[in-house]
Amino acid sequence: MQLLRWLWPLLLVIGGGSSAPQNVLLLLADDAGFESGAYLNKFCQTPNLDALAKRGLVFNNAFTSVSSCSPSRAQLLTGQASHSSGMYGLHNGEHNFNVLPETGSLSNLLRDQSGGRILSGIIGKKHVGAAANFRFDFEQTEEQHTINQIGRNITRMKEYARQFLKQAKVEKKPFFLMVGFHDPHRCGHITPQFGEFCERWGSGEEGMGSIPDWRPIYYDWRNLEVPPWLPDTDVVRQELAAQYMTISRLDQGVGLMLRELEQAGLAEETLVIYTSDNGPPFPGGRTNLYEHGIRSPLIVSSPKKENRRHETTAAMVSLLDIYPTVLDALEIPKPNDTKIAGKSILPVLKEEPAIKESDSVFGSHNLHEVTMSYPMRMVRNRRYKLIHNLNFWADFPIDQDFYTSPTFQQILNATITKQPLPWYRSLLQYYQRPEWELFDIKADPLEGVNVAEKPKFSGTLKQLRQQLFDWQVATKDPWRCAPHAVLQEQGVFKEAPVCLTLGHEALQRPRHRILGQYEEYEIV
């Protein structure tokens, strides 16, 4: 380690010439989608995010690999899909998921590889574990504070950011700082007095307290348009008004962080990344691998004058790419591990990559809450998306805070009482999903027509299925043989792992399904 500490600054000079590592500020929203002017939402006012977009690059094809909070944060900090890292579901409370003991993280790697010469920090929502796997030099999270005070109180978050930046400047250390906002996450199932999205908390209304740096923006729900993927009802409009209000707190928090960076004199040395862990908590959003569960806002602003500004990019990127991007910015080599499949997006800041129809991203979702076992795998290219529902015999599960939401309750009550609802799906379709779902995204952006069983798409289905399986093998997915076979990779199978059939192809099942590659697996 002493030799490494001596070599690290020398390697910067030899490898980087006169350049110095860029600091990295990662701003992470909680359950946000495209509710911003930068992404052409004409109702939700986000002047700070819009300003960041003007001096940065807006990614129109960014995707999370998992649609759940803790697994998504773990992907950012480990570079690994949830099935590789071991963060299969939520970290908090009775869910109690942690990454595997051997899983590394950005904070630990930066400390070890730089000999302590890079400062790491996290402010706000952390929501990953175990603690030893994610040791930051500076930590102010829900482990030291209540989640609202450290994730929604943007004044308090600002003050901690000021402390961290001062420390980095005094110690003359490049840094990685992750700021995890708790907005616009729902809270109505726990603290309904604060509103469905905690939009009233700290608003200055009677009994709600006041956040000094937040100027709430109120919305008249009657003036809002409902996105086509949601039920077109007044209940949804009222929910959107509440969500947009809490996004005003998120947006102003982003502005505070950027001003602290400016006032510390570090803005010209810092790469700023804004994104969200997963999609909004609405039907088809969070916990789903449908488009609005995995499509992510991503804005990257580089301090380098030669990099692109006030532009959009069509590059296909994954949030798995954030990990190698941070390492690239700080000039730390990426670990040689096939489970870390992402690549740095810094080259995209310089020039637009060539577009290929085969450009692909992958998804791996296992649980959310501990009771929600519904593993799914996905591959998506520029035209098609294939989802493999491994637990397709069960109904799709609903998480607690979404269940109590006015939107879901309206869907549920309309279904039970057999009342019409202006939604392109039915609750039965939402619950009961086939094993394989193949969508032509260009022709069917709402993913309403599954073409997996249509002969016209058999070649596409076969190719995507193989591509997905190859990725699962490369990233050591324990579920890669599920649900029709058992993975054997120990003992006599150690050198050549195999998937051994469970005989499902010989059984009569009430639901038709496509067995795919499992039809060819061996019987022991």
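1. Let's start with a side-chain pair: Asp401 and Arg286 are joined by a polar contact of 2.6 Å between their side chains. A polar contact here is a pair of N or O atoms within 3.5 Å; within protein, one must be able to donate a hydrogen and the other to accept it, and residues adjacent in sequence count only if both atoms are side-chain atoms. Please keep in mind that this is a predicted model, where local features need pLDDT of at least 70 and side-chain atom pairs count only at pLDDT 80 or more, while totals for chains, interfaces and linings use all residues. Residues are numbered from 1 along each chain as its sequence is written, and side-chain values use heavy atoms, with hydrogens and water left out.

2. Where does Asp401 sit? It is found in helix α12 (residues 400-403); helices (H or I, at least four residues) and strands (E, at least two) are DSSP runs, numbered from the N terminus. Asp401 counts as buried at 5% relative accessibility. Buried means under 20% relative accessible area, exposed over 50%, and partly exposed in between (1.4 Å probe, protein chains only). Leaving out residues up to four places away in sequence, Asp401 touches His185, Arg186, His189, Glu196 and Arg286, where contact means heavy atoms within 4.5 Å.

3. Now look at Ser82, in helix α4 (residues 82-85). Ser82 is buried, with a relative accessible area of 1%. Its side chain reaches the backbone oxygen of Ser364 at 2.8 Å, and a polar contact of 3.1 Å links the side chains of Ser82 and Asn366.

4. Next, a helix pair. Helix α2 (residues 47-54) packs against helix α8 (residues 234-263) at an angle of about 50°, with the axes 7 Å apart. Axes are lines fitted to C-alpha atoms, for helices over the stretch in contact, and angles run from 0 to 180 degrees between N-to-C directions. That angle makes α2 oblique to α8, because angles under 35 degrees count as roughly parallel, over 145 as roughly antiparallel, 65 to 115 as roughly perpendicular and the rest as oblique. Pro47, Asn48, Leu49 and Leu52 in α2 meet a set of α8 residues that includes Val254 and Leu258.

5. Which residues have the most contacts inside the largest nonpolar core? They are Leu27, Phe175, Phe181 and Tyr274, in a core of 45 residues. A nonpolar core is a set of buried Ala, Val, Leu, Ile, Met, Phe, Trp, Tyr and Cys residues joined through side-chain atoms within 4.5 Å. Among the elements giving two or more residues to this core are α2 and α8. Beyond its neighbours within four places in sequence, Tyr274 is in contact with residues including Leu49, Leu52 and Val254. A second, separate core has 42 residues, among them Leu26 and Val300.

6. Helix α10 (residues 322-329) is largely enclosed by the rest of the structure, because seven of its eight residues are buried. Just after α10, Glu331 takes a positive phi of about 60°. Glu331 is in the loop between α10 and α11 (346-350) and counts as partly exposed at 27% relative accessibility.

7. Finally, some backbone details to check. Most residues other than glycine have a negative phi, and most peptide bonds are trans. Thr287 is not a glycine, yet has a positive phi of about 80°, and it counts as buried at 4% relative accessibility. Cis peptide bonds join Gly129 to Ala130, with omega about 5°, and Ala482 to Pro483, with omega about 5°.
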